[in-house]
Amino acid sequence: MTTALTPAPGIGVESFARAGGLHPDLVRRLVALGLLEPIDRCGEELRFAPSQLVVLGRIERLHEGLSLNYASLGVVLDLLDRIAELEAALRRHASSTTGVSSWTRTD
């Protein structure tokens, strides 16, 4: 009986780090800080969904653009996500009460 080997899902930490322009140890640190979420841990190896590259880009833009340290980025990312949620709720509420799809002034 033979079994076919199937590749593990996601992107390995080495390839993920290379795609993001970072050292793999920094990627591991971002995981430890809770800034990146691996989809799987195959033994000792972390694996990431391709969508986590977008998150990594956001982390790096905030780190470089605002000179924030990685430890503080968790709070900033949470606040930015919360603002986006509140803006979306405001748009939904304004649309349902006025029939206008945008919450910005149009006059």
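Q: What percentage of the accessible surface of the chain belongs to carbon and sulfur atoms?
A: The model is predicted. The chain has an accessible surface of about 7,500 Å². Of this area, the part belonging to carbon and sulfur atoms is 56%.

Q: Which pattern does the chain follow when read along the sequence?
A: The secondary structure consists of four helices and three strands. Read in sequence order, these elements give β-α-α-β-β-α-α.

Q: What percentage of the residues in the chain is buried?
A: A residue counts as buried when its relative accessible area is under 20%. The chain has 107 residues, and the buried ones make up 24%.

Q: How far apart are the end C-alpha atoms of helix α3?
A: Helix α3 covers residues 52–66, which is 15 residues. At 1.5 Å a residue, the helix should span 21 Å. The model agrees with this, as the distance between the end C-alpha atoms is 21 Å.

Q: Are the residues Gln 52, Leu 56, Ile 59, Glu 60, Leu 62 and His 63 of α3 buried or exposed, and how wide an arc do they cover around the axis?
A: Gln 52, Leu 56, Ile 59, Glu 60, Leu 62 and His 63 are buried. They lie on the same side of α3 because they cover an arc of only 160°.

Q: Which residue just after α3 takes a positive phi?
A: Helix α3 covers residues 52–66. Just after α3, a positive phi of about 55° is taken by Ser 67.

Notes
Residues are numbered from 1 along each chain as its sequence is written. This is a predicted model: local features need pLDDT of at least 70, side-chain atom pairs count only at pLDDT 80 or more; totals for chains, interfaces and linings use all residues. Side-chain values use heavy atoms; hydrogens and water are left out. Helices (H or I, at least four residues) and strands (E, at least two) are DSSP runs, numbered from the N terminus. The expected span of a helix is 1.5 Å times one less than its number of residues. Buried means under 20% relative accessible area, exposed over 50%, partly exposed in between (1.4 Å probe, protein chains only). The arc is that of the directions from the helix axis to the C-beta atoms. Accessible areas come from the Shrake-Rupley method with a 1.4 Å probe; for residues, only the protein chains shown count as cover.
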